[in-house]
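Please look at the structure first.

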Amino acid sequence: MDYGQSLLITLPEIILSIGGLVLLLVAAWSGAKATRAVSISAVALLVAAGVATLCYTGDAFGALYSGDQFSDFGHVLIYIAAAISLMIAPRFFQRAGLARAEYPILILYACVGMGMMVSATDFLTLYIGLELNSLAAYVLASFLRTDERSAEAGLKYFVLGALASGILLFGMSLVYGFTGSTSFVAVLGSLGGGMETGALFGIVFVLAGLAFKISAVPFHMWTPDVYEGAPTPVTAFFASAPKVAATALTVRVAVDAFGTQTLAWQQIIIFIALASIILGGVAAIGQTNLKRLLAYSSINNIGFLLIGLAAGTQEGISAVLVYLSIYVAMTLGSFACIMQLRGPDGEPREELSDIAGLSQTNKGLALAMAIFMFSLAGIPPLFGFWGKVVVFDAAIGAGLLPLAVIGIAASVIGAFYYIKIVKLMYFDESRTVLQTGDGKALAWIGAIMALLVSPLGYFSIPLLGGFANNAASALF
């Protein structure tokens, strides 16, 4: 084993780990007054890690870690989402009086775990990366220590996360017991010669544990409460970067470890996809909190993502990556808009009733919010429409026409509550006095994300599609 080459391949995680340790010492020495400097440094470290990701490829540490094009795609998307989450956070925590330098450091260490997740080629690496991310996430969810909702969100996330980890570990132990290895390559070869019932149960438990991490039905129960209770910048982070890591991990496990038994896991994925689309759409209709509504929206969108995975083809995986990229832009933009809503007392406003008549007081913010809602609904000509087109096309190409038809029909349910938000902003009278606008960073990020998901986004199709195809080909 060439340790020097392995260290170069894992350089992104090394940069973030060492950088996080240095920043932790700075935070301990300087306290809250170093928050701004630590946040800027954390963004710089994420940029450096992103550059390092693209410089070295190959297997590291005896094929426990893979730096291929698929992991490169996941790393870059995770680092972009994390950097944006850091940029939108300072003003929020300053207003709450809880601006602390530990926040960006926790984001960095969560990114270390997420990087290991998308590069894992062994169940041991998978679990270490997943737990590194989860431990930071539990603290982030309860970061507002004086807020009961935040503390409750952190506790619920911790308890249910521990349960999901136990399910995942049990599934991994069954897979190991019936295949004799934790390596994805070895498991793939062992299952290629036939699968025993115990190994099938292992696959079911592993997919159940991963379904919790991507908040797919029926393991979605934590998502609405955590999204609503966590600080809004943390919710934006949860809805983007960890979603990318967990989805990429699920894809890699399904293809790299269980690829010779596609029919075994395909049925599970199809059920989870349809259940997520339908429940995410129906449950969101009665929500009155914007963050809770977007939680069900994320469940709904995970269902569409899994349609691409259910295809089990290179085109399907490429479609998942394209959809995931567009979803990250739509989600971060939506939360950037929500964070600009404040009452006369300066407190955040998150209720649906608060955005009634928004177009009369802030036309730019209402327009950006409308773009994100229509794009999430998949209404042409916005770029979110293209995300749905590619996953449905992949499903039809794989012979899953009924799945695509049901998915298209069920997307109408989600369109209802997205359009309801637009209707409130443009056709209802304002019932709340809002102080919209909360810093240039939020306004700029919201505007940039709105442009990316507008019809201008279609110009990126050759570039985005090329990257996604190359990344998907690394798994086949």
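C337 counts as buried, since its relative accessibility is 2%. Buried stands for under 20% relative accessible area, exposed for over 50%, and partly exposed for what lies in between, with a 1.4 Å probe and protein chains only. C111 is also buried, as the table shows.

| Residue | Relative accessibility |
|---|---|
| C111 | 0% |
| C337 | 2% |

The model is a predicted one, where local features need pLDDT of at least 70 and side-chain atom pairs count only at pLDDT 80 or more, while totals for chains, interfaces and linings use all residues. Residues are numbered from 1 along each chain as its sequence is written, and side-chain values use heavy atoms, with hydrogens and water left out.

How many disulfides does the structure hold? There are 0 disulfides, a disulfide being a pair of cysteine sulfur atoms within 2.5 Å. For C111, the closest cysteine sulfur is that of C55, 18 Å away, and therefore too far for a bond.

The largest pocket has about 710 Å³ of space. A pocket is an open set of points on a 1 Å grid over the protein atoms alone, where a 1.4 Å probe fits, with protein on both sides within 12 Å along at least five of seven lines; lining residues have an atom within 4 Å of a point. Its volume is the space filled by probe spheres set on the points, which are joined across faces, edges and corners. The lining has 24 residues, and F73, L77, I80, S325 and L464 lie nearest the centre. Helix α4 gives the largest share, 7 residues; helices are DSSP runs (H or I, at least four residues) numbered from the N terminus.

How values were computed:
Helix = DSSP H or I, 4+ residues; strand = E, 2+ residues; numbered from the N terminus.
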